[in-house]
Amino acid sequence: MKPKANLKAENYTDKFLENAAPEIDPNAMPALRVQDLSFYYGTHKVLENLSMNIPHPQITAIIGPSGCGKSTFLKALNRIGELEGKVQIKGKVEFFGQDIYSQKVNINSLRRQIGMVFQRPNPFPLSIYDNIAYGVRIFGRKSKAELDEIVESALKSAALWNEVKDDLKKSAQGISGGQQQRLCIARALAVKPKILLMDEPCSALDPISTMKIEELFQTLRQQLTVVIVTHNMQQAARVSDYTAFFNTDESRIGRLVEFGPTSKIFTSAGNSSTRDYIQGRFG
Amino acid sequence: MTQAKKLDSILDAEINNPLSLSRTLFSRGMTVIAFALTALALLPLFAILYKILGEGLTHLSWEVLVSLPAPVGVEDQPNGFANAILGTILMVGIATLISVPIGVMTGIFLSEFGRENKVITNSIRFITVILSSVPSIVIGVFSYALIVVTTKAFSSLAGGFALGIIMLPVVALTTEQALKLVPTSYRLASAALGGGRFQTMFRTIVPSALPTITTGILLAASRAAGETAPLIVTALSSQFWPPLIDKLGEIMQSPIGAETISKLKEIPETLLTPTPSMSVLIYSYASSPYKEQNELAWTAASVLLGMVLIASVASRTVTRKRLQNR
């Protein structure tokens, strides 16, 4: 597929991201305001009394030991948890001031605005082109030219364009794991969400792919809010602007322990268990 | 002292110890028994194939596959059972048209809404399983009461309807199984992109499960093609071409115009006449007193076996092609 003549190579990500989200004053409203959230699967409590404001457009990392509810928290933010069981919540989650659990919410529009990338790459058994066009096609018919441009922009902002541009009709199952994960990121970006949730996106990948994905964050951070759950503390330190530390105890209920700018959390955290976790005393 | 202790420990670490004799004999004996019983299980299949193909292939010819039955004893007219072949295809076709939409939708309901309302879906699944074990003659009699009595005719419609009911539970249950085998990750990915239930189902899950569903449909059709009892009480038999074929021939031979529409409207009528089928033909020819018809019964059995074999091979080819495309 030939790139359009008037797209300068160095501006390609800018062109895509220009159309991504309207200008939001970073000081006005957090992307996600979580107030006293408690999350239940049926009667089993998984998260308790979480409150935090996720700022926009920044990269927020969520760290913590295994089983402390980080992934569950992420799934509560775009209501994907509801596919896995009966969900009950107390408290509130607001997306740019709108309650996402209210009855009036169209859950599909919500999930389009808050995209998600999963731990294991899960491309559809379709071609690369069709994978990226999947989300776009759900929301309406677009001409082939428009679709071509959207696919190209999405692949470029996921840093995958140069590797697959020669054969977009190739099956998505035939590319490597790192490429598949970048494809999933491109697929999520193609519907132009305001927030991107990433659940340990690099844990199943080799170091080179991980590095390529971390480079992506540099371009994404100006326009999108990213919330990334990661087991890898060094990754959180490298990549994020804000960090949240989750922890659990014998009750197996997840709680937010501390939230703040990454530099502060990693150097002089307020809470002692945060400091212990950062220093590797447990985890 | 330590020398003796060392030797002991080396002998304990012996890895070339053979099994005791009784154990070895037992193990070998069980292997032999397993192979022997497998061969025994395959024996009836090979015996059937040998007998049927042996007797039937001798009289198989092109004439048999394309001609109508001739009166017994008449030598100069071509004799065959082409009308029965077409009749079977017609009625299995009607059965497929009835059972596939209903069965696939039922399978989708069972797999998609299964998590939410366990009581209803378990009941539906239970009823479907029961339906699959209803004797085929009972289904035939049901179709007789429903269609033959009300339309006052034995017909291919009634026969196709009975076969459709026989196929329905198989299609529904295999569809449900096929959909359950699709990885949950596709469902999550589609939902995370904003896909609603309908979108996720028909853009991702059903296409992924399609090869398995197709196999299920073809196997159900093969089974239906061999059913005899329900067809005896619903479609009876006939010595002539199924009228649908005549009507289609008429339509294709005349020029396209206003007449075509009126002829198309006459098609449903053509389904309301007695229709021949392979299974009923085999039954009546095998029990007839005429030797020529007995011989043709063997041939018809071989042809029916061949049709079922082609359907199975076709289903495997479809599955393999789909899996290669991924």
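**Reading burial, strands and contacts**

Guide: A191(B) is buried, since 22 other C-beta atoms lie within 10 Å of its own. A residue is called buried if 20 or more other C-beta atoms lie within 10 Å of its own, exposed if 12 or fewer, and partly exposed in between, with C-beta atoms placed from the backbone. The model is predicted: local features need pLDDT of at least 70, side-chain atom pairs count only at pLDDT 80 or more, and totals for chains, interfaces and linings use all residues. Residues are numbered from 1 along each chain as its sequence is written, while chains are lettered from A and ligands numbered from 1 in the order in which they are written.

Visitor: Where is A191(B) placed, and which residues does A191(B) touch?

Guide: A191(B) belongs to helix α8 (residues 184-192) of chain B. Helices (H or I, at least four residues) and strands (E, at least two) are DSSP runs, numbered from the N terminus. Two residues are in contact if their C-beta atoms, placed from the backbone, lie within 7 Å. Leaving out residues up to four places away in sequence, A191(B) touches I80(A), L83(A), R111(A) and T200(B). By contrast, 48 Å separates the C-alpha atoms of A191(B) and S279(B), which are 88 residues apart along the chain.

Visitor: How many residues does each chain bring to the contact between chain A and chain B?

Guide: Chain A brings 23 residues and chain B brings 16 residues. On the side of chain A that touches chain B, α3 (107-113), β6 (114-117), α4 and α7 each supply at least two residues. The most comes from α3(A), with four residues. By class, that side of chain A has 11 nonpolar, eight polar and four charged residues. Here Ala, Val, Leu, Ile, Met, Phe, Trp, Tyr, Cys and Pro count as nonpolar, Asp, Glu, Lys and Arg as charged, and the others, Gly among them, as polar.

Visitor: Is helix α4 of chain A largely enclosed or open?

Guide: Helix α4 (residues 128-138) of chain A is largely enclosed by the rest of the structure, because eight of its 11 residues are buried. Among them are I128(A), Y129(A), N131(A) and V136(A). The buried residues of α4(A) pack against α5 (144-157), α6 (161-164) and α7 (177-190) of chain A, together with α9 (197-225) of chain B. After α4(A) comes G140(A), whose phi is positive, near 145 degrees.

Visitor: Which strands are joined to β8(A) by bridges?

Guide: Two strands pair if DSSP finds at least two bridges between them. Strand β3 (residues 59-63) of chain A runs parallel to β8(A), joined by four bridges, and I62(A) has V229(A) as its bridge partner. Strand β7 (residues 195-199) of chain A also runs parallel to β8(A), with five bridges; there, L197(A) is the bridge partner of V227(A).

Visitor: What is the overall make-up of chain B?

Guide: Chain B has 15 helices and zero strands. Buried residues make up 33% of its 326 residues. Along its principal axes the C-alpha trace of chain B spans about 110 × 60 × 40 Å.
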